[in-house]
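Notebook open, model loaded. I wanted to look up a few things here and jot down what came back.

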Amino acid sequence: MEPTLTAALTFNTPSACVRPLDPGDVNLYCRIYGDEDTMRHVGPPLSLARARRSFAGALRQTHAAAPAALFAAVTSTDGRDGIGICGLREIDLPRRCAEVGLLLLPTARARGLGKEVLCRLIERCLVPQLLDEIYLEYDLNNVPMAKLAMRAAFVPEEKAEKPLRRCVRRRSVA
């Protein structure tokens, strides 16, 4: 069976489980997108009503036949506690590229979990049958994300549009 991007969003790491978003993830999604600290480098935190509408859209996109975006829940290894949201946006299958993103609750940060999840997601997507390029964009003031991008072997593009930095990681042809 040929791999799919949706299947690439289902994996375990030593510290977390990752799986496509499902209806039971609404509270996790709303906590993350409504948290001022989590959103400080992304945009304004969402109100509960707006976060619920955004979640409904993310769920529809994730389970669409030809998704332009895929969202996944990051949970504890036993699957009980939601600790983050990750996924792919701006999926461009003809160009074989997508933007990757990861948001973790404050209690899940600074433990190496971001690198663990991000690197595993990239590894699962940068294969010949799926994507050749993954990029991420982050606020230049987001020092933890800059460090994570470097640890995950992203290469900054020279044409950075302030206040964002765009970094790219390409599939190695080995």
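I started with the contacts of Asp25 (heavy atoms within 4.5 Å). Leaving out residues up to four places away in sequence, I found that aspartate 25 touches Arg19, Pro20, Phe55 and Ala73. Aspartate 25 sits in the loop between strand E2 (17-20) and helix H2 (26-34). My helices (H or I, at least four residues) and strands (E, at least two) are DSSP runs, numbered from the N terminus.

Buried or exposed, this aspartate 25? It is buried, at a relative accessible area of 5%. Buried is under 20%, exposed over 50%, partly exposed in between, with a 1.4 Å probe and protein chains only.

A note on the source: this is a predicted model, where local features need pLDDT of at least 70 and side-chain atom pairs count only at pLDDT 80 or more, while totals for chains, interfaces and linings use all residues. Residues are numbered from 1 along each chain as its sequence is written, and side-chain values use heavy atoms, with hydrogens and water left out.

Next I checked helix H6 (residues 143-151), whose buried residues are Met145, Leu148 and Ala149. Looking down the axis of H6, I see these buried residues fall within an arc of 100° (taken from the directions from the helix axis to the C-beta atoms), so they line one face of the helix. An α-helix has 3.6 residues a turn, so residues three or four places apart point the same way. Met150 and Arg151 are exposed on the other side of H6. After H6 comes alanine 153, with a positive phi near 65°.
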